[in-house]
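Subject: Structure handover

Hello,

Here is the structure I promised you. Please open it first, then read my notes alongside it.

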Amino acid sequence: MRVVLAEDLFLLRDGLVRLLEAHDFEIAAAVETGPELSRALAELEPDVAVVDVRLPPTLTDEGLQCALEARRNRPGMPVLVLSQHVEQLYASELLADGSGGVGYLLKDRVFDAEQFVDAVRRVAAGGTAMDPQVIQQLLSRRAAEDRPLERLTPRELEVLELMAQGRTNGAIAGKLVVTERAIAKHTANIFAKLSLEVSDDDNRRVLAVLAYLDRGR
């Protein structure tokens, strides 16, 4: 599996390269600036990109901008954002394009190698890997702007957050210590209240929810 990695801090970039190579990933390119990332994504067409949000030259949002551009040029290109920050505007746009293969992890909340490697593989396979804090901030942002979320019960909001992390109904049931049938009912209620069509595919459900939460920006 070929990876393009973008991280401006040398020690962290080098550590990520060694970690990924130790788990049988091929590093197609490891870059430190936005322009280098754009070129690598366009020329190398990796299986997955792991990018920091803030890259030189401006250290603002180059990483996410490059990821968005790459996905516009190559719909569905898997991108895992690894950052210290939640850039809500661009993160919502990245998640809401409906193509799958998206992740957003916070650096200080990745606690072990297996967690990170699993996230990279999941995103490369077209799934999602979302830090709960990222989801919470995106949901909170839309909750302040969009009244339909107020129709959801506290339990339904809890289920929605777990869905957005990429969890299956069975996993949500285990987390909340309820039956899978109860979760299926909550899920149906969520989609009905948010005027969304129910899908059996968990990743498509997550993307649909996030796309809805982002609409009207």
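Asp52 is buried, with a relative accessible area of 6%. Keep in mind that this is a predicted model.

Which residue does Asp52 form a salt bridge with? The partner is Lys107, and the closest N and O atoms are 3.2 Å apart. This pair links distant parts of the chain. Asp52 sits in the loop between β3 (48-51) and α3, while Lys107 sits in the loop between β5 and α5. They are 55 residues apart.

Is Lys107 buried or exposed? Its relative accessibility is 19%. Buried means under 20%, so Lys107 counts as buried.

Lys107 also meets the side chain of Glu7 in a salt bridge, at 2.8 Å from N to O. Glu7 lies in the loop between β1 (2-6) and α1 (10-22), and Lys107 in the loop between β5 (102-106) and α5, so the pair ties together parts that are 100 residues apart in sequence. Glu7 is buried, and Lys107 is too.

The structure holds six salt bridges. One more to look at joins the side chains of Glu158 and Arg155, at 3.1 Å from N to O. Both residues lie in helix α7 (residues 154-164). They are three residues apart, which is about one turn of the helix.

How accessible are they? Glu158 has 36% relative accessibility and counts as partly exposed. Arg155, at 31%, counts as partly exposed as well.

**The chain as a whole**

Now zoom out. The chain has 217 residues, and 47% of them are buried. Its secondary structure comes to 10 helices and six strands. Take the contacts in the chain with a separation of 6 or more: residues 24 or more positions apart account for 66% of these. The accessible surface is about 10200 Å². Carbon and sulfur atoms hold 49% of that surface.

Next, the empty space. Rolling a probe the size of a water molecule over the atoms shows where such space is left.

The largest pocket has a volume of about 270 Å³. It is lined by 13 residues, and the closest to its centre are Gln115, Arg122, Met130, Pro132 and Gln165. Two elements give two or more residues to this lining: α5 (113-124) and β6 (128-130). The largest share, four residues, comes from α5. By class, the lining of the largest pocket has six nonpolar, two polar and five charged residues.

The second largest pocket has a volume of about 150 Å³. Which elements supply at least two residues each of its lining? They are α2 (34-44) and α3 (62-73). The largest share, four residues, comes from α3. To find this pocket on screen, select its lining residues, including Ser38, Leu41, Cys66, Glu69 and Met77. The lining of the second largest pocket divides into five nonpolar, two polar and three charged residues.

Best wishes

Notes:
Residues are numbered from 1 along each chain as its sequence is written. This is a predicted model: local features need pLDDT of at least 70, side-chain atom pairs count only at pLDDT 80 or more; totals for chains, interfaces and linings use all residues. Side-chain values use heavy atoms; hydrogens and water are left out. Buried means under 20% relative accessible area, exposed over 50%, partly exposed in between (1.4 Å probe, protein chains only). Contact means heavy atoms within 4.5 Å. Accessible areas come from the Shrake-Rupley method with a 1.4 Å probe; for residues, only the protein chains shown count as cover. On a 1 Å grid over the protein atoms alone, a cavity is a set of points where a 1.4 Å probe fits but cannot get out, and a pocket is an open set with protein on both sides within 12 Å along at least five of seven lines; lining residues have an atom within 4 Å of a point. Grid points are joined across faces, edges and corners, and a volume is the space filled by probe spheres set on the points. Ala, Val, Leu, Ile, Met, Phe, Trp, Tyr, Cys and Pro count as nonpolar, Asp, Glu, Lys and Arg as charged, and the others, Gly among them, as polar. A salt bridge is a side-chain nitrogen of Lys or Arg within 4 Å of a carboxyl oxygen of Asp or Glu.
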